[in-house]
Amino acid sequence: MRAALDEARAGRGWVDVPIGAVVARDERALGAAGNQRERLGDPTAHAEILAIRAAARALGQWRLEGCTLYVTLEPCAMCAGAAVLARVPRVVFGAPDPKAGFAGSLGNLLQDPRLNHRAEVVGGVLAEECGAILREFFADRRG
């Protein structure tokens, strides 16, 4: 999660919401990214999506079996769906997202029994630190 926090902090320079994600297997990071929606002008450039893409490239396959996705904020529906489709077996997040989170807050796409894959979900890891980065970002934006 510390590496995901580093990715979140790196994004402050391009005015994106500071969310970071890392996909790791056996303690080795395969993909890491911060949000880049503003930087790339791409609504799908969430940290999780970019980290999943990088991990798939590193492995040379789309199935991310044996990997863990670490993310500083509870994944949204798009990112939770991407984790399911990539067969990520474990998702660990920091701060909950009561407005858009789909790993337990608004729904739980990662563990929906109707889908062909379900992930273990661990929430609240370094939640205070992950939430503080977001609170500082939005406080600065409000001026």
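How do the residues of the lining of the largest pocket divide into nonpolar, polar and charged? They split into 12 nonpolar, three polar and six charged. Keep in mind that this is a predicted model, where local features need pLDDT of at least 70, side-chain atom pairs count only at pLDDT 80 or more, and totals for chains, interfaces and linings use all residues. Residues are numbered from 1 along each chain as its sequence is written, and side-chain values use heavy atoms, with hydrogens and water left out.

**The pocket**
- The largest pocket has a volume of about 500 Å³.
- Of its 21 lining residues, Ile19, Leu73, Asp97, Leu134 and Phe138 are the closest to the centre.
- Helix H5 (residues 127-142) gives the largest share of that lining, with five residues.
- A pocket here is an open set of points on a 1 Å grid over the protein atoms alone, where a 1.4 Å probe fits, with protein on both sides within 12 Å along at least five of seven lines; lining residues have an atom within 4 Å of a point.
- For classes, Ala, Val, Leu, Ile, Met, Phe, Trp, Tyr, Cys and Pro count as nonpolar, Asp, Glu, Lys and Arg as charged, and the others, Gly among them, as polar.

**The sheet**
- Five strands make an open sheet in the order S2-S1-S3-S4-S5, with mixed pairing (two strands pair if DSSP finds at least two bridges between them).
- At the edges sit S2 (28-34) and S5 (120-122), each pairing on one side only.
- Strand S4 (residues 90-95) runs parallel to S5, and three bridges join them; Val92 has Val122 in S5 as its bridge partner.
- Helices (H or I, at least four residues) and strands (E, at least two) are DSSP runs, numbered from the N terminus.

**Helix against helix**
- Helix H1 (residues 2-10) and H5 have axes that come within 11 Å and cross at roughly 5°, so the two are roughly parallel (angles under 35 degrees count as such).
- Axes are lines fitted to C-alpha atoms, for helices over the stretch in contact (heavy atoms within 4.5 Å), and angles run from 0 to 180 degrees between N-to-C directions.
- Arg2, Leu5 and Arg9 in H1 meet Glu129, Cys130 and Ile133 in H5.

Terms used:
Grid points are joined across faces, edges and corners, and a volume is the space filled by probe spheres set on the points. Angles under 35 degrees count as roughly parallel, over 145 as roughly antiparallel, 65 to 115 as roughly perpendicular and the rest as oblique.
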